[in-house]
Amino acid sequence: MKVTRSEPVLVHSAGDAVAAAAEEFYFLSNLDQNVAGLMKTVHVFRPSADDESRGDDDAATLMRDSLSRVLAHYYPFEGWLAVRDDGRLAVRNDRRGVPFVEAVADGELPEATDDVAAPGAEVLSDLVYADVEKKEEALEAPLLTVQVTRFRCGGFVLGLAMNHCLADGQSAAEFLQSWAETARGAPLSTPPHLDRTVQRARPAPAIGFPHDEFAEIEDVSGLAGVFGGEPCVYRSFTFDAGKLARLKRAASDGDATAGTACSTFVALTAFVWVARTLALRMRPDQKSKLLFAVDVRRRVDPPLPPGFWGNAVVFACCISAAGDLLQGPLSAAARSIRDAIGRTDGAFVRSAVDYIELNRGARPSLTATTLVTSWNRLGFRVADFGWGEAAWSGPAELPREVVMFLRGARDRDSTVLLLGLPLSCMQAFQAMVDLQ
C-alpha cells in the first residue's frame, strides 16, 4: 500500500492562548524529565454508515480546524523543548505551531482484528508523520505532529507523534477526548490542569526508599548479542476471558496472601515476566527486572487535581534471579508484583521525584528488563470526532523492552498483548502462550 503525504502546514491555536503562554518557559516536572521521547499512536476510524451528513472527505479539514481550537487549552504543544540554564528540560513558549499533514492511501482499511496494527508493520510508519530522523535530534522535534490519512473506503487514520515529556497515556487520552469534543462543538468534559509545579521536588530532597528501577543490571546472558543477531519481530496475542481466568487461577494458586482473586493486570504481567525471561534464554544467575507503570494521581496526598495534564506515573520494580523466577510458581511472581504495587504510595512517589532531582539525567535501566504498560483502560478509542468511536487505537511503534496491554478490538472482555522479540525468542514466547 502506498501513502502519499502533502507538505506539512503549521497549526496555531485559534485566538489568544491562555495568559501563561506569555511566560518564556513551561515547567516540566522530574517525572516528565526522564521520559522525553516520541510516543507514536494510530487511531482507525471507519466510514460512518449512520451519519451521511458529514462526508469522510472532510475529515482532514475538521481535524485541522478543531485542533486549532483545542490548542488554546493545550498551548504547550505549540512550543519547543529547550534546556534551561540550570540544565532542566522545559518547553519554550515560542508558539511555533503543530505540523499537520494530510495524506491519501491507495488501499482500504483492513477488517478490525486484534492484530490489525502490530507495531513494526511497515505501513504504520507511513501513517505517522514524525519530523525527526535521528534520536539525537529529538530535542529539535515538534512536541506534537498530526497526520490524517484517508483510505479509498472512506475511512481514515489519525496518526500522532507526541513527545512523552508532555503527556503520559492518561493525559494523552484526555487530550484526544478534548479534541474530539471540540470537533463536535461540545464543551470539554475534563479541562486540562496545566500547572505541574505540584510535582516539584521538595526543598530538601530526601530519598526514603530503594529505587531499583534505576539500578544497572549486568548482562551475563549476552542479551545484547541476542537482540543484535536476529531481526526483531512484533506480534500481538489475544487473551480471551477463558484464558485470562486460567491465568488468574494460576497466579493465585496456593498463595494464602492473595486474599482475593488475582487481578487481570497482575496475572498477565506475571505471565509476561516469566515467559519473556524464558524466551530470551536468560541464564539462571541473570537478574531479570520487571518494571510497570503505576498511575499515582490518586496515590499522592493530596491527590492530583482533576484533569492533571502531564506525567503522573512512576515505575514499580521487581527483580529476581532468572532461575528462581522460572522454577517458582506463577503465584510467586504475582505476589512480587502485588507487593511492588503496595509499596507505590505517596511517600514512594515523593522519594522517586527527589531521587531524580539528586541524580539528574537518571532513567530506568533497561538491561534484562521487561517493561509493561497497560492502555486497555485509558479510553483512546472512545474519542468521537463525529464518526463514532475508533475501531482500533494503539501504538505505531514499540521499544523492544516494552510489552503493552490493549483492549480487544472485537471482544472487549479480552486483552491484547503486544511485544517485540528476536525471531527465535518470539517462537519460544508463542509456545508459552499456546500452553495457556
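Biologist: In this predicted model, does F151 count as buried or exposed, and at what relative accessibility?

Modeller: A residue is called buried when its relative accessible area is under 20%. F151 has a relative accessibility of 5%, and therefore counts as buried.

Biologist: Where in the chain is the place of F151?

Modeller: F151 belongs to a loop, the one between strand 8 (144-150) and strand 9 (156-163).

Biologist: Which residues does F151 touch, leaving aside those up to four places away in sequence?

Modeller: A contact requires heavy atoms within 4.5 Å. By that reading, and not counting residues up to four places away in sequence, F151 touches M1, A105, G107, E108, L109, L127, F156 and V157. Of these, L109 can also be described by its separation from F151: the two are 42 residues apart in sequence, while their C-alpha atoms are 6.6 Å apart in space.

Biologist: For the chain, what share of the contacts with a separation of 6 or more comes from residues 24 or more positions apart?

Modeller: Such residues account for 81% of those contacts. As for burial, buried residues make up 53% of the 436 residues in the chain.

Biologist: How many residues of helix 7 are buried, and what span does helix 7 reach?

Modeller: Helix 7, residues 264-279, is mostly covered, with 13 of its 16 residues buried. From its first C-alpha to its last, helix 7 reaches 22 Å, which is close to the 22 Å expected at 1.5 Å a residue.

Biologist: Which residue with a positive phi follows helix 7?

Modeller: That residue is R281, whose phi is near 55°.

Terms used:
Residues numbered from 1 in each chain as written. Predicted model: local features only at pLDDT ≥ 70, side-chain atom pairs only at ≥ 80, totals over all residues. Heavy atoms only, no water. Buried < 20%, exposed > 50% of the residue type's maximum accessible area, 1.4 Å probe, protein only. Helix = DSSP H or I, 4+ residues; strand = E, 2+ residues; numbered from the N terminus. Expected span 1.5 Å × (residues − 1).
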